[in-house]
Amino acid sequence: MQKPAKKKAVSMRIIIVGCGKVGHTLTEQLTREGHDITIVDTSEHVIRDTTEIFDVMGIRGNGASLSVLEEAGLKEADLVIAVTGSDELNLLCCTIAKKAGGQLAAIARVRNPDYSEELPYLRQQLGLSMIINPELEAAREIARILSRPQALTVSAFAKGHAELVRFKIPPDNVLCGRSIMQLDSLFDFGYLVCAVEREGSVSIPGGSFMLHEGDDVTILASSRDVHRIFESIGMRSQAVKSCMIIGGGKSSYYLAKQLLEQRLEVKIIETDRKRCDELSTLLPEALIINGDGGDEQLLREEGISSAEAFVPLTGLDEENILLTLYAKRVPGLKTITKINRITFNDVIDGLELGSVVYPKYITSEAIIAYVRARQNSIGSNVETLYHMFDNRVEAIEFHIEKDAPVVGVPLMKLKKKDSLLIACINRGGKIIFPRGQDVIMPGDTVIIVTTHTGFGDISDILC
């Protein structure tokens, strides 16, 4: 007999300190999920603009001030999120909140590379629930994409054992005109087609769904088999061996460090001479060029035509976009564009930039996953969360407890909501693409792909 679903999770009282790009995005998404939000910022016009857009409270002041936090409702708050432009202010704010706020949780954004090796220690010593570094997380995502150059995005699940890859079907590809059920003749390994976007419409496809040229397809497979997807359909699958990075900021440092560890050739072009000297010391194996990455002649002289990947990481979204559009003239060059501020998604999609990475969304997704997990202490916990196709699809990984209502029930007998897939089960590192007779067991992690939003517990998949 199917066990009853648990009650819907209650909303949380959340204080967000700092309402820049990440703070604004968090306010938007957490408000949409029904939470009671109070924002704190030193700027009067930021407070005014944000409270006019969203149904939230606004307090002007220093988020590290106890009196300001108390005015924002610290005593009643469940969570404080500090995302100001200062790492030290964020840590201080969370420390004060933890000392004065009882059992509340605290999350700090910390971006300085000087702290990057110490984040676990800082989190433990300060009693914080999470410390997140947007630039480091963005660099990790870029590195994953460079390992799968035909993918537009690559999302990791099951502690890296499974990957969700998104790509566009090229003209005259073997996938064109095939139904989902006919893909077994191409793929002799476990996989699941999770979502398809066509002409702005997103579907979670059934077996009879026909694939067309230009479709934006998302497939889940075990990490060891992802490269076989692209090999099977005639698309390049080898990881790139060289990368040109424009800009020498934090993101560039984090990315270069990871790529060098993977034995890639890395070239960074940076305008500031002093920063070039710093990068040469920090990254002795990289080639650091002092020059203007927006200079077409310099790019040619430094070998853009022979590079395998090109990643503009300047502080200006517009410059990153223009550089990508220029680089896409080079045949076979993999480009990845980082966008921090611009929100004209339809315009960006129309430019066909290829892979685009948004650090603010990476940060907000990690925090929202934590919020949903904290809301639900019975049955399951949210481990990982990714939004796809402009938030129209969610991929959520749940850790299953013994009292979850889905445990021990054959999947074919679960009364599930429509527009969702139980995409895979991770059982001790073994990736299972489930059939109707399979069951979910305690200790499993389960990946759900759905067009519904706000799932915080595995029981939310049930009718």
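Which residues are exposed on the other side of helix 9? They are R273, K274 and T281. This is a predicted model.

**Helix 9**
- Helix 9 covers residues 273–282, and R275, C276 and L279 are buried there.
- Viewed down the helix axis, these buried residues fall within an arc of 105°, so they line one face of helix 9.
- An α-helix has 3.6 residues a turn, so residues three or four places apart point the same way.
- The buried residues of helix 9 pack against helix 8 (250–261), strand 13 (265–270) and strand 14 (287–290).

- Strand 13 and strand 14 run parallel and are joined by 4 bridges.
- In this pairing, E270 stands opposite N290 in strand 14.

- The order 3-2-1-4-5-6 describes another open sheet of 6 strands, with parallel pairing.
- Its edges are strand 3 (57–60) and strand 6 (130–132); each has a single partner strand, so one side of each has no neighbour in the sheet.
- Neighbouring strands here are turned by 15° against each other on average, direction ignored.
- Strand 4 (residues 79–82) and strand 5 (residues 105–109) run parallel, with 4 bridges between them.
- V80 stands opposite A106 in strand 5.
- Helix 4 (residues 87–100) packs on the sheet and touches strand 1 (13–17), strand 4, strand 5 and strand 6. The direction of helix 4 makes about 175° with that of strand 5.

- Two packed helices are described by the angle between their axes and the distance between the axes.
- Helix 6 (residues 134–147) and helix 13 (residues 359–375) pack at about 105°, and their axes are 9 Å apart.
- Helix 6 and helix 13 are therefore roughly perpendicular to each other.
- P134, E137, A138 and E141 in helix 6 meet P359, I362 and T363 in helix 13.
- Helix 11 (residues 317–327) has buried residues, including I321, L323 and Y326.
- The buried residues of helix 11 pack against several elements, among them strand 12 (242–246), helix 10 (296–301) and helix 12 (345–351).

**Two single residues**
- E197 lies in strand 9 (residues 191–198). Is E197 buried or exposed? E197 counts as buried, because its relative accessibility is 17%.
- The side chains of E197 and R392 are joined by a polar contact of 2.5 Å.
- Leaving out residues up to four places away in sequence, E197 touches V202, D215, D216, F389 and R392.
- P331 sits in the loop between helix 11 and strand 16. P331 counts as exposed, because its relative accessibility is 76%.
- P331 and S306 are 25 residues apart along the chain, and 9.8 Å separates their C-alpha atoms.

Technical notes:
Residues numbered from 1 in each chain as written. Predicted model: local features only at pLDDT ≥ 70, side-chain atom pairs only at ≥ 80, totals over all residues. Heavy atoms only, no water. Pairing = 2+ DSSP bridges. Helix = DSSP H or I, 4+ residues; strand = E, 2+ residues; numbered from the N terminus. Axes fitted to C-alpha atoms, helices over the stretch in contact; angles between N-to-C directions. Contact = heavy atoms within 4.5 Å. Buried < 20%, exposed > 50% of the residue type's maximum accessible area, 1.4 Å probe, protein only. Polar contact = N/O pair within 3.5 Å; in protein donor to acceptor, adjacent residues only side chain to side chain. Arc of directions from axis to C-beta. Parallel < 35°, antiparallel > 145°, perpendicular 65-115°, else oblique.
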